[in-house]
Amino acid sequence: MRLSHAICVATLLAGATDAFAAGETNAELMQKLYSEIAANLRVGDQKLSPNTNMLVLAAPAILVDPNISMDNADDAANIITNMSDRIILPSAFLDFKPGRMSDLYQEILRSHVVPLPILESAEKAQLEDANSKLFNSKGESRRLLEDYYKYSKLLQTANQNASLWQSQNVGKALPLEHINAIKFALTQYIAHQGDKAQGYLLTIQKYAQRDTEFYFERLRDRFTANWFQANWYGRTLFYPTYQTWLNKDLSWQNIKITSQMLDARTHDEHSDIGGGLSGSWGLFSVGGDYSEDETKHTERADASNLTISFDVLRVGITYAWMDANVFESQMWDWSNGSIYAGQKISSGADYAKGETPTGIMPVVPVELIVARNLSMTADWSIDIKEFIEKHSGGGASFGYGPFKLGGRTNKSSKDTYVHAEGNGNTVTFDSPQIIGYLVHALPESPKRAREINGKPVVWPDEPRTDKAIEALATAESADPLIQSAQELLNTAKSK
């Protein structure tokens, strides 16, 4: 395994003075740090409601291995399996469930029941045309779709950066660099027919789920075309690319957080969700990463006049092997023979209403949050340089809040150990690390549709009512030959 992926939650920053109010629990401090980062990433005002995104912070981070490449199949399998093909719990602080998203998705393709078709011939023709424009006969993405993923993300990033600058510089004119970035991204998006690709995607979303047999055939084709059986992983696109994260010459957004900011911050309510935080949870963590004999423990350190600075990059995730619309579709359900029969992938609960989503996989990761050039300065109650030397000398993994300060980029190799440097009251660590995810909350799934366009939906595994039989006859009459026969019969009856 090439990636360090600690999920350490036993950390401590006890009784901090000055910047942190006396009596404030460690969990509250971490929640405020969460809220400050979320606000800088412009996701702080969102709640974990169906079809919205939420920040999930690592505790501590996942170090990025500079010695592997997405061009190598073994490396790609390792990167994707450890970074994106994971089932994340709906918590503000990172926690994984056993299993992989791809395993769940394959079970959907294998073990489902669908209603009888209710798509008319003209609609089916539009659906087939849209699919042919975006996918080849093997289910592989055409260049039009690949360009759409790339340039829509470029345009989205340019817009996000400009919006962030405006929020931090109210009343000031937008700098030329942001204007040019938006113009360039928009020009590229239009030149590569992004609007046309989006139109085809909307057509597929509108019609595909109503012709269920056609829909699942295309889902299987797409999965097969983008699944590498030998290495057991699905093709996944990161934008910007993995190698870009290691390019020190590219500029990233900088975030600066001070103890004064944390004092003034009231943590967002959704940072209360899960994560196992308690009064004993704080900011320093030691051990419990890549070795079973590396005992996880905590160390006390008071701090005042804290300043944290780091560069951050938001990385979009596109799953070429998966169509996430399946989780919004109400045109399938688990078959009785499925291992998940009767279970929900997501309850679709709305946190804004005081509900926490439950289910097999309530959220899907859609972005990685990568940080680098970490710098922390404070009046520490310990000798911070001695602390770092003590733990790095033994090769231990250790971190501060969502940040990793020491660990292996390759869990199986001691030679890949890297660590922060301590100088006076300042800690610096330049290595890129994944400090969190942006996850998308799924609606209730599966959920059977009962009516479409005023017509009852017919499910083959349910007893048919008179309305269901009538709906089936209506659906079958969408075929021109059947429709002609019905018209002839109707005419005959009237005579």
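This is a predicted model: local features need pLDDT of at least 70, side-chain atom pairs count only at pLDDT 80 or more; totals for chains, interfaces and linings use all residues.
Close-up 1. A search of the whole structure turns up 19 aromatic pairs. Here, the rings of Tyr 148 and Tyr 189 have centres 6.2 Å apart and planes at 50 degrees, so we call the pair tilted. Tyr 148 belongs to helix α5 (residues 143-168) and Tyr 189 to helix α6 (residues 176-191), so the pair ties together parts that are 41 residues apart in sequence.

Close-up 2. Phe 387 comes from helix α10 (residues 384-393), while Phe 398 sits in strand β14 (residues 398-400). The two are 11 residues apart, and the pair links distant parts of the chain. How buried are these rings? Phe 387 has a relative accessible area of 6%, which counts as buried, and Phe 398, at 1%, is buried as well.

**Close-up 3. An aromatic cluster.** Which residues gather in this one? Tyr 105, Phe 223, Trp 227, Trp 232, Tyr 319 and Trp 321 together form one aromatic cluster.

**Close-up 4. Arginines over rings: Arg 86 with Phe 96, and Arg 372 with Trp 252.** Take a look at Arg 86 to begin with: its charged end sits over the ring of Phe 96, at 3.7 Å from the ring's centre. Then there's Arg 372, which lies over the face of Trp 252, with 3.9 Å to the ring centre.

**Close-up 5. Helix α4 packs against helix α7.** Two packed helices are described by the angle between their axes and the distance between the axes. For α4 (residues 121-134) and α7 (residues 194-207), the angle is about 135 degrees and the axes are 9 Å apart. That angle makes α4 oblique to α7. As for handedness, the crossing of α4 past α7 is left-handed. And who does the touching? On the α4 side, the contact is made by Glu 123, Gln 126, Leu 127, Asp 129, Ala 130, Asn 131, Lys 133 and Leu 134. From α7 come Ala 197, Tyr 200, Leu 201, Thr 203, Ile 204 and Tyr 207.

Conventions. Residues are numbered from 1 along each chain as its sequence is written. Side-chain values use heavy atoms; hydrogens and water are left out. Rings of Phe, Tyr and Trp (its six-membered ring) pair if their centres lie within 6.5 Å; planes under 30 degrees apart count as stacked, over 60 as edge-to-face and the rest as tilted. Helices (H or I, at least four residues) and strands (E, at least two) are DSSP runs, numbered from the N terminus. Buried means under 20% relative accessible area, exposed over 50%, partly exposed in between (1.4 Å probe, protein chains only). A charge sits over a ring if NZ of Lys or CZ of Arg is within 6 Å of the ring centre and within 35 degrees of the ring normal. Axes are lines fitted to C-alpha atoms, for helices over the stretch in contact, and angles run from 0 to 180 degrees between N-to-C directions. Angles under 35 degrees count as roughly parallel, over 145 as roughly antiparallel, 65 to 115 as roughly perpendicular and the rest as oblique. A crossing is left-handed if the near helix is turned anticlockwise from the far one by less than a right angle, and right-handed if clockwise. Contact means heavy atoms within 4.5 Å.
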